[in-house]
Each structure stands twice: as C-alpha cells, then as structure tokens.
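Subject: The structure for you to look at

Hello,

Here is the structure I promised to hand over. Please open it beside this email, and then read on for what was found in it.

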Amino acid sequence: MLALLLPLICYFVIKRYSDSAVVMPQHYYADSVISNTKNGKRVSDTIWHRIADFSLINQAGDRVSWKDMSGKIVVADFFFTHCPTICPGMTRNMKRLQESIYNGQRVGDKTNQQVHFLSFSIDPERDSVQRLKYWADKYQIDPDQWWLLTGDKKKIYDLILNEMKIPVEDGQGVDTSFMHTDHFVLLDSNHYVRGFYHGLDSTSLAKLSEDIVLLTLEKGKKEKSFFDGKLQLIAIVILMTIMGVGLLLYFIRKKT
C-alpha cells in the first residue's frame, strides 16, 4: 500500500510547490476582458493585445512576416547600422543570448528552433539590404535564426510605438522623428508581449534568458497534458487497486 500511495502523494506535493514557485513572464496590454459564468462561478478571460502582422525585408533580401515564424518565441530589438553608441553593444549581447539558448540535446545541432531573433532598423532609409548584410557579416549573425529587418519607416515606427508600446527617446537629441531604445522585447508564440529588458544590462539579460526558457515550457490554452482533468480518476483507480489487492491477499491467506 505504501509503495502505491507514496508516488501519488509525492506527485501532488511536488506539483503544488513547483506551481507556486515558478512565476511565468507576465502579459502586457490587454485589449479587453470578457466575463461569463462557468459552473456557477463568475470568471473573467483577458484578451491580450496581439502584435499586428508586418511585411519587411531581411538581410538576405527576403520579404518576411509573422507567418514565417509561426509558433516561435521572438526576441526583438531596434537598431541602425550607422549608430555610433549603443547598437554595437546591443548586437553583441543579442548574439551572446542567441548562442546561449540551446534545445537541450546533448549531441548534434543544439540550436533552439523555438526561438527567433529580430532586429528592426529604425533608420530604414539608409539601412538597405546590402547595409544589413554588412552588419550581419560583421557580427557573424546566423540568418536562419536572426533577421535584420528594413522596410517602410512608418510601419516600423508603428510597431515600436503603437504595437509593442516601447518607451523611446530621441536617439541623437536633434530629431524627434528619430527614435532609439536599448530595450529587448520578448514575445510569446502568440505574439503577445511578455517582457521588456535593457539590452546593455547583464542582470536584465539574465532575466530575459530565464524567461525564454519558461516560455518554451509554457502550454497554450488549447494544449492540455494527458493527465489534465484525470488526476482524481487516477487516484480513485489506485485506491481501488489497493483495496482489490488487499482483498485478494485476505482471501488467499484465509484459504491457506
């Protein structure tokens, strides 16, 4: 009986403490909150803001959008190739982050295909495909997992200001239409904003790395574990098995 009950008890204890200990990256920017009654209880469901689709060109000259990153977690930042200040450091830190995220395999290709990196040019008028290719070659950027993007300036700035709602500032102190930020943005596979991190701060980047791992383990609302909703049934089956084994042993001993 102990051999059967102990694993079940340990499972519930570990599940309780692990669920309370792990804090998933929070959501940002709710579009609406829907309230309804379920099983006699009033419940609320938040509709989070999904980042709008875009169509931009990467350093290989390919036009890309969200559909080309379907189901992937995304880390995004904003830069320009003529930047004399923070952009080189941000690119180097993004590269270190990219190289530190593995898929858990011990052998073979360790690239984590669940994560994709995007760097949006905030100076697309000067950052041509050739210019992006130069930057990518300079920092040895993997084009399969990390895209440098250029295109329509209005659309890029709309992504910054209205979709991701990133706090920005005049990057050169002379042109208020030229925005710059050191933020890295974490988006989950549904394109919801899940975090902002300073790209030049080691503590903030360590937190980003941790949150990426947590999101790779996160299940969507429609994804359910095999044991989801079945734990009570499993407990009853185990208890009935214990009782059955006990009765069987009782009758065997009595017959003997």
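Two residues are in contact here when they have heavy atoms within 4.5 Å of each other. By that rule, and not counting residues up to four places away in sequence, Ser209 touches Leu97, Ser100 and Ile101. Ser209 belongs to helix α5, which covers residues 202–217. Its relative accessible area is 22%, so Ser209 is partly exposed, given that buried means under 20%. Leu186 is 23 residues away from Ser209 along the chain, and their C-alpha atoms are separated by 10.0 Å.

Please keep in mind that this is a predicted model.

**The chain as a whole**

The protein chain has six helices and 11 strands. Of its 256 residues, 36% are buried. The chain exposes about 15900 Å², and 57% of that comes from carbon and sulfur atoms. If you take the contacts between residues at least 6 apart in sequence, 66% of them join residues at least 24 apart.

**A hairpin to start with**

Strand β1 (residues 30–38) pairs with strand β2 (residues 41–48) in the antiparallel sense, over eight bridges. Ala30 is found opposite Trp48 of β2. The two strands form a hairpin with two residues between them.

Which residues of helix α3 are buried? In this helix, residues 129–138, they are Leu132, Trp135 and Ala136. These three lie on the same side of α3, because they cover an arc of only 100 degrees around the axis. As a general point, an α-helix has 3.6 residues a turn, so residues three or four places apart point the same way. The buried residues of α3 pack against β3 (56–57), β5 (73–79), α2 (87–100) and β7 (146–149).

Asp137 is partly exposed at 48% relative accessible area, and Lys133 is partly exposed at 39%. After α3 comes Gln140, with a positive phi near 50 degrees.

Pro124 sits in the loop between β6 (115–121) and α3. Is Pro124 buried or exposed? Its relative accessibility is 10%, so Pro124 counts as buried. Leaving aside neighbours within four places in sequence, Pro124 is in contact with Thr150, Gly151, Lys153 and Ile156. The C-alpha atoms of Pro124 and Leu149 are separated by 8.4 Å, although these residues are 25 apart along the chain.

**Other salt bridges**

How many salt bridges does a search of the whole structure find? The search finds six. In one of them, the side chains of Asp123 and Arg126 meet at 2.6 Å, N to O. Asp123 is buried, with a relative accessible area of 7%, whereas Arg126 is partly exposed at 44%. Another joins the side chains of Asp188 and Arg194, at 2.9 Å from N to O. Both Asp188 and Arg194 are buried. Salt bridges with shared partners link Asp188, Arg194 and Glu218 into one network.

Terms used:
Residues numbered from 1 in each chain as written. Predicted model: local features only at pLDDT ≥ 70, side-chain atom pairs only at ≥ 80, totals over all residues. Heavy atoms only, no water. Pairing = 2+ DSSP bridges. Helix = DSSP H or I, 4+ residues; strand = E, 2+ residues; numbered from the N terminus. Buried < 20%, exposed > 50% of the residue type's maximum accessible area, 1.4 Å probe, protein only. Areas by Shrake-Rupley, 256 points an atom, 1.4 Å probe, with all protein chains shown as cover. Arc of directions from axis to C-beta. Salt bridge = Lys/Arg side-chain N within 4 Å of Asp/Glu carboxyl O.
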